[in-house]
Amino acid sequence: MTDQTSENFGRREFLSRAGKAGISIAAAGTVSYLLYDNKGPKTGIDTEELVTLPDFSIPYQQGQTISIVKGPDRVETLKKAIELLGGIERFVKPGEIVAIKPNVAFASPPMLGATANPELIAEVVKLCYSRGGAKKVVVTDNPINEPASCFTLSGIGKAASAAGAKVVFPKNHLFKHTTLAGGRLIKNWPIFFGPFEKVDKLIGIAPVKDHHRSGASMTMKNWYGLLGGRRNIFHQDINTIIAELAMMVKPTLVILDGTEVMMTNGPTGGSVSDLRRANTLIASTDCVAADSYGCGLLDLTVPDLPYLAKAEKAGAGTTNYESLKPIFATVG
Amino acid sequence: MKIVQVRRISQVFFFLMFVWFCIVSTVGDRLWQLRGWPVNWFLQLDPLVAIGTILTTHTLYRAILWALATVILTIIFGRFFCSWVCPFGSVHHFVGFWGNRKKSMPQKVQLNKYRKAQCIKYFVLIFFLVMSAFPSLAATLQTGLLDPIPLITRSFNLVLLPIVDRPVGLASVSERFYVGAWLTLAIFLTAVFLNLAIPRFYCRFICPLGALFAILGRFALWRIGKNQSECIDCKLCEQSCEGGCEPAGSIRISECVLCFNCREDCKEDIISYQRRASLAGEETSPDVSRRGFVLSLVSGILAVPAVRLSNKLGSNWVHKVIRPPGALSEEEFLKRCIKCGQCMRVCPTNVIQPGGIDGGLENLWTPTLNNRIGSSGCQYNCTACGQVCPTSAIRPITLAEKQGHGEFAEAGPIKIGTAFLDRNRCLPWAMDKPCIVCQENCPVSPKAIYTQEVFNTIRADALTVKKATNTTIETVEDNLPLDKFATGDYYCVAEDGERRKIAANTENSIETSPDERFEKIPAQGSKIEIQVRLQRPLIDIEKCIGCGVCEHECPVSGKKAVRVSAEGETRSDDRRLLLKS
């Protein structure tokens, strides 16, 4: 209780209060000084800290860039195709971490062929571990449909885990912004970077599918899964974005599965009647070459897919796969 | 062990079980996912769910039979559920206890005294049950608004879990969103914080389930009471009384929630759980005035016709209310939906959202699809919502039924709505820009979205040929944007109509690829035009199932250029759009 009638007490009280008021004013002044901003808010988009996807490619080896194996059993054709390129040992060294990027875009069962085949994924994972001596294999994608459903329904989640791989789902913190040198569309754009940041090798695995907008979805289009953000707006210029993806991603190896080809109603499919057996599997270190051969399975030619020529022009690979002297084989 | 300790263990056990069921309601086969966990068990134990749906449908759906166990136990033992099982009751119990633990004994006695207003919960119960009691006229099941089990289920699943799980990611890979979750949280928190004013406020004054138990427990074989008529009237038994049932005097059996605190607190061991009636007298019937009874009865009778005056079930139906696949026709749906939110919780894509009152009062918190939220519309290969729905407001359909395969081929797929294309907003239609993301994502085969190829001359003056070969044209004009037409979507058209795809361009030249040679070299001085090749999307209404993935993926992200509305949904024949073939 303050005794207001006592002059002494009132003075002491006043001084104490004045001291506290002084400290409060000093604090308010300091905060104002430290936070003072005479420029106002910045306009435009903040440039995030940019990242660059590492180069996962391996040295060129003449005559061992692309192998094309015919056969009804994709696991057998896969084994053969990799063997013809020098075996998995050429691509994966002991102790390395390998990322596998299958096409897991849709929540659709394997029999419909809208996603990469789970047996194929399992086999590649096994090869990486058993023959390649990989330390760790990661299987990841940023699907269109709900990620957990995509990995479950496609069978890829279970197949990959059973083979010992780690399945990584897209989460916000795994996306980082990038700018592609020489690119027009990929500028300060979020990509699914996290899973690939600290890996040594990258293997892309994609089925051959009809795609109404771009003509075909194969190994190059498969990299669309690395794009984050509102990636759908790139459909306005689909050929350029696919070519830029081929410039941005330098994989160790790509596997194009044409065992069953989605001829119509792609890229979702939805019926087994959309599929046609082509019994072909392609392994290549050059995705442009792989896709240039693969488009034939859809009864298309290289000029039907302008992104192939664009990617070639940008130096991402060659559309003239014949010049690479593909190794042909048949299994079974 | 003391009986109150057993009660506490029971409360903690059932509360943790409830929370566990909330956590595991994610589609998947891991231990912490849905697998076979009976995540609806608390809802099925709830006799208000049972009686409500019995009144509206005259049936008792599957595992809601569990409620019979609750009913039998209540008839024998009294309101055990409130203090031994109910997870919402346990929350109130704990908060009420914690918030008032430092009060003095007389203050506590004051807090826990009986109040006349405790009869409100009976009016709430009567009101809701009357609303559902005349299915042949008009009936709606609205018990879920205040029924404590659906209330706490949706509060945990749609508000608390998404907030807590956001940094963890155990219950969902992607972030979850629920429209209007703030209202659910506000109601939940209000109910919880009211315990600070009066313990178990919700249970004593509002809870319609508690009211139902009070009526069922009238003839309980065992009940709390005094084993002698004389006592020292110390009132200790009323200091922690959870029900506010006056155990010190003539105990009100209908208000007693069997917390056993009075028995624990009585130093003279006068209070016991016994077969005979309390020797100090007891009130078995709820204290409901005739006036209140009539008022709630009349309000309940008038409520449904009053709500239905807005004709939301007739010609004024709300096209934005898109129900999940397998949902019953709206009238039947409203007779079963208890607004528990299980379908919204389990939906892997997060597209099922709590409805708002813009879809009519009865629509509040019922499952409504919002294609702007979630990952990809209603997933084609998914029937999770119907499998989890405890009352079959959404039927447990198979994939074959949903997609119209096998024995359902003749009936065709289940349509939940129809996609409408807004040609004034669609990029290829309105702005001459290629796109067709909607077509790409359409999951049915053959696709419901198909395209029409057109070549449109771009907005620019015609160009004049200065010099040309089979594959290059040099123009007089020198203001072409560099490589703008090199995307593979642009074509060069000569005066005679010959059209060739452009491979590259500079400011004053256009190049076609070698395989796109002009057969007739454009003459010097002739005009050429540049055209863009567009694939314009069109919707095949016979094929569209209304899944909404097109709307979700449409890059026109504000007001989408393709939007689903409920016209054509197969669940109600009177919302049909087309003639039957």
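Q: What area is buried between chain B and chain A, and what share of it do carbon and sulfur atoms give?
A: In this predicted model, buried area is the accessible area (1.4 Å probe) that two parts lose on being put together, summed over both. Carbon and sulfur atoms give 44% of the area between chain B and chain A, which in total is about 3000 Å².

Q: Which residue of chain A forms a salt bridge with Asp489(B)?
A: A salt bridge is a side-chain nitrogen of Lys or Arg within 4 Å of a carboxyl oxygen of Asp or Glu, and across this interface the rule finds two. In the one formed by Asp489(B), the closest N and O atoms are 2.9 Å apart, and the partner is Arg213(A).

Q: Is Arg563(B) buried, partly exposed or exposed?
A: Buried means under 20% relative accessible area, exposed over 50%, and partly exposed in between (1.4 Å probe, protein chains only). Because its relative accessible area is 28%, Arg563(B) is partly exposed.

Q: Which side chain does a polar contact of 3.1 Å join to that of Arg563(B)?
A: Local features here need pLDDT of at least 70, and side-chain atom pairs count only at pLDDT 80 or more, while totals for chains, interfaces and linings use all residues. Side-chain values use heavy atoms, with hydrogens and water left out. A polar contact is a pair of N or O atoms within 3.5 Å; within protein, one must be able to donate a hydrogen and the other to accept it, and residues adjacent in sequence count only if both atoms are side-chain atoms. The side chain joined to Arg563(B) belongs to Asp422(B).

Note on methods:
Residues are numbered from 1 along each chain as its sequence is written. Chains are lettered from A and ligands numbered from 1 in the order in which they are written.
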